[in-house]
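Please open the model in your viewer and keep the selection tool at hand. The stops below can be followed in order.

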Amino acid sequence: MKATETPPAVAATDPAPVSKSPAPGGKQKSSEGRTLNVFSHGVLIIWAILVVLPLLWAIMSSFKNDDSILSTPWALPDKLHFENWSRAWSQAHMSDYFFNTIVVVGGSLIGTLLLGSMAAYVLARFDFPGNRFIYYLFIGGMSFPIILALVPLFFVMNNMGMLNTRHGLILVYIAYSLPFTVFFLTSFFRTLPGSVAEAAMIDGASHTRTFFQVMLPMAKPGLISVGIFNFLGQWNQYMLPTVLNTDPKYRVLSQGLVELASSQGYKGDWSGLFAGLVMAMLPVLAAYIIFQRQVVAGLTAGAVK
């Protein structure tokens, strides 16, 4: 019996390698991304120049005399005139303006963060009738122009005997800053884990102790961020103290700088004015430089889970 011959196995041939051609839109997308990157960096560089150059010019002018400021405004000072700073501090009463500003801004900042964090915690963590209504009332306060409230606010402060006083200005600053503070911190408290507060309640902690010892330390990045924003707004506030604080003894920095600029006319102490201007800017710059990381952390908290 003949064995059947099996046909020879057909050798498997490897398919020819297919060359992958780049996607037609890949090169175009990369070029568009590169162009957008260059454009965004260019805009940031221009913006940095517009912001930094006036600051450097003001600092440079604060160490020059009046003749150099008027004749060669863009030249470097021939020598550092530190007497401009001492003259602005003593003769222009910048020391009094600084003290008043620190007292008013410090008191209002503490009150704003305390009251705002308490209100935001309740609105973010507890459900009760009228919760959303109260929250939207704070939101509406952000959209209300403060200039419309100046006249009635003046008469209210006058009737309460708090016109031309530091504590009256502190209360007005707190009321002015509360809407944004509550809006910011409410969103921040919602991102915090509720299990931590529940564990503290199970261990016997009261609502007050849970808030101050557990939740408030966890909200430190948000408190620093909103505190920096309130500090900037209150430190540079001019409209409210001009209307509610007409006593020269209680003037703040913004009023003092305007008084110094308007009283000198065409032949005044320009070097002292620039020295006072730099004095007013330094605390704001120092606060932002010190708390820069916390501000960024507070703004981005809750964005990435």
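What follows is a tour of selections, each with a note on what is there.

This is a predicted model, in which local features need pLDDT of at least 70 and side-chain atom pairs count only at pLDDT 80 or more, while totals for chains, interfaces and linings use all residues. Residues are numbered from 1 along each chain as its sequence is written, and side-chain values use heavy atoms, with hydrogens and water left out.

Begin with helix H1, residues 26-61, and pick out isoleucine 49 within it; helices here are DSSP runs (H or I, at least four residues), numbered from the N terminus. Because its relative accessibility is 44%, isoleucine 49 counts as partly exposed, given that buried means under 20% relative accessible area, exposed over 50%, and partly exposed in between (1.4 Å probe, protein chains only). Now extend the selection to Ile45, Ile46, Trp47, Ile49, Leu50, Val51, Val52, Leu53 and Leu56, which form a nonpolar patch on the surface with about 920 Å² of accessible area together. Such a patch is made of residues with over 30% relative accessible area and no salt bridge, nonpolar side chains (Val, Leu, Ile, Met, Phe, Trp, Tyr) being joined within 5 Å and like charges within 9 Å; a salt bridge is a side-chain nitrogen of Lys or Arg within 4 Å of a carboxyl oxygen of Asp or Glu. The areas come from the Shrake-Rupley method with a 1.4 Å probe, and for residues only the protein chains shown count as cover.

Next, select Trp85, Met94, Phe231, Trp235, Leu253 and Met279, the residues with the most contacts inside the largest nonpolar core, which has 26 residues. A nonpolar core is a set of buried Ala, Val, Leu, Ile, Met, Phe, Trp, Tyr and Cys residues joined through side-chain atoms within 4.5 Å. Helices H3 (83-90), H4 (94-125), H10, H12 (253-264) and H13 each supply at least two residues of this core, and H13 gives the most, with eight residues.

Staying with phenylalanine 231, look for its contacts (heavy atoms within 4.5 Å) with Val105, Leu109, Pro283, Val284 and Ala287, not counting residues up to four places away in sequence.

Then move to serine 271 in helix H13, residues 270-290. Is serine 271 buried or exposed? At 2% relative accessibility, serine 271 counts as buried, and among the residues that serine 271 touches beyond four places in sequence are Ser61, Asp66, Asn84 and Arg87.

Finish at asparagine 131 in helix H5, residues 131-143; asparagine 131 is buried because its relative accessibility is 6%.
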